[in-house]
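Open the model in your viewer and keep the selection tool at hand. We will go stop by stop.

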Amino acid sequence: MRRPLLALVAAAAVLTAVPALAQEVNIYNSRHYSSDRQLWDLFTRQTGIKVNVIDGEFDALVTRLKSEGARSPADVMIAVDAGRLAAAAGDGIFQPMQVPEVTATIPAHLRDPNDLWFGFSVRARVFIVPKTLAAADTPTSYESLADPRFRGQVLMRSGTNIYSLGLTSSVIAARGETAAETWARGVVANFARPPRGGDTDQIRAVAAGEGKIAVSNTYYFGHLGRSSRPEDKALVDSLRVVFPNQDDRGTHVNVSGVGITRTAPNLANARKLVAFFASPEAQRYLADVNMEYPANPNVAAHPFLRELGGFKADQLNAAAFASTNATARRVNERAGWN
Ligand SMILES: [Fe+2]
């Protein structure tokens, strides 16, 4: 009994010796899960720093931050998709993070080359096909989605969606703009139906027999995989995941990520929070909450994702494909991918 009491007395002495500075950090967050509170609480327990979160749509938060200017309370900004992070970086919203824990643990292709943001979790853009689809009838690359033998089989969301822009950007990086447009035309010609709905809708459409190949981010399949609804379980059991381009550049991956704002009033705390995001504990949480892959390669993915098997990811820097999103938008538009 004596020892904890002594420790308490010592802690109280330290607390009274330190001036009562408000230790806090403010997050502008466009990726919201109610369970994130657990993660912020863990950070507060580890560091004593209080976490304040303002949730909102990414564009609205950027507008708000800009209008607040130098007086903005925002220290860090969280977003899904490298395209959004890169756009914010281009707007001069971020400052170099200078957090050694990030550079030491997060692979270079998931970090902005100017250190303005990094991806803390990874989603792969894959094909979901019926388990019964023969290997010979299964596309193995994004390029092959444009092959006439897949006429009427491809299900994809709108070409204006940010995930579609990221994918087209990765094809532009690999093949050039002209070839990417030819590719997009071929893919559109193979659509089972005009794009509608999100990735989950494409997966459900394959299960319903509307087409044979859904293009989806891995976590949407993961959400169905951990669903307790028997009909979702049956759906997942009837389908399998194909990781495209395993024989060449690898599967296109995108990120959820974070950057430190240029005007961060609590810069030191922001750096601590960002370092925390790269830690194994937070990596485990940040990835699992949305069924994404941890960015830190030393942290294992959720068992459901591990069961899908390992895969080779395209090492193209997330900032590089994000930077051609505007070109990708024009390419998709010209190709009639609406
Ligand atoms: Fe999503």
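**First stop: N245**

Select N245: with 20 C-beta neighbours inside 10 Å, N245 counts as buried. A residue is called buried if 20 or more other C-beta atoms lie within 10 Å of its own, exposed if 12 or fewer, and partly exposed in between, with C-beta atoms placed from the backbone. N245 sits in the loop between β8 and β9. Its phi is near 60°, a positive value in a residue other than glycine.

Some ground rules before moving on. Residues are numbered from 1 along each chain as its sequence is written. This is a predicted model, where local features need pLDDT of at least 70, side-chain atom pairs count only at pLDDT 80 or more, and totals for chains, interfaces and linings use all residues. Helices (H or I, at least four residues) and strands (E, at least two) are DSSP runs, numbered from the N terminus.

**Zoom out: the whole chain**

The C-alpha atoms fill a box of roughly 75 × 45 × 30 Å, taken along the principal axes. Of the 338 residues, 46% count as buried. Two residues are in contact if their C-beta atoms, placed from the backbone, lie within 7 Å. Among contacts with a separation of 6 or more, 78% join residues 24 or more positions apart.

**Colour the two domains**

Which residues make up domain 1 and domain 2? Colour 22–122 + 255–301 as domain 1, and 123–252 + 318–334 as domain 2. These bounds come from an automatic or database domain assignment. The C-alpha centres of the two domains lie 28 Å apart. Their contact takes 16 residues from domain 1 and 15 residues from domain 2. On the side of domain 1 that touches domain 2, the elements giving two or more residues are α4 and β5. Helix α4 gives the most to that side, with 5 residues. The residues of this side divide into 8 nonpolar, 4 polar and 4 charged. Here Ala, Val, Leu, Ile, Met, Phe, Trp, Tyr, Cys and Pro count as nonpolar, Asp, Glu, Lys and Arg as charged, and the others, Gly among them, as polar.

**Step onto α4**

Select A86, which lies in helix α4. A86 is buried, with 24 other C-beta atoms within 10 Å. Not counting residues up to four places away in sequence, A86 touches A319, A322 and S323.

Next, select D81, in the loop between β3 and α4. D81 is not a glycine, although its phi is positive, at about 85°. D81 is buried too, with 26 other C-beta atoms within 10 Å.

**Into the core**

Select V76, M77, I128, V258, V274 and F277. These have the most contacts inside the largest nonpolar core, which has 98 residues. Strand β5 (residues 118–130) gives the most to this core, with 8 residues. The core draws at least three residues from each of domain 1 and domain 2. A nonpolar core is a set of buried Ala, Val, Leu, Ile, Met, Phe, Trp, Tyr and Cys residues joined through C-beta atoms within 7 Å.

Stay with V258. Leaving aside neighbours within four places in sequence, V258 is in contact with V76, M77, I78, W117, F118, F120, V274 and F277.

Select residues 58–68. Buried in α3 are F58, L61, V62 and L65. They cover an arc of only 100° around the axis, so they lie on the same side of α3. The arc is that of the directions from the helix axis to the C-beta atoms. Turn to the other side: D59, A60, T63 and S67 are exposed. The buried residues pack against β1 (24–29), β3 (76–80), α4 (82–90) and β9 (253–261). Just after α3, G69 takes a positive phi of about 60°.

**Last stop: α9**

Is helix α9 (residues 218–226) enclosed or open? Helix α9 is largely enclosed by the rest of the structure, because 7 of its 9 residues are buried. Select them: T218, Y219, Y220, F221, G222, L224 and G225. Show their partners too: they pack against β5, α8 (199–207), β7 (213–217), α10 (230–237), β8 (239–242) and α13 (303–307).
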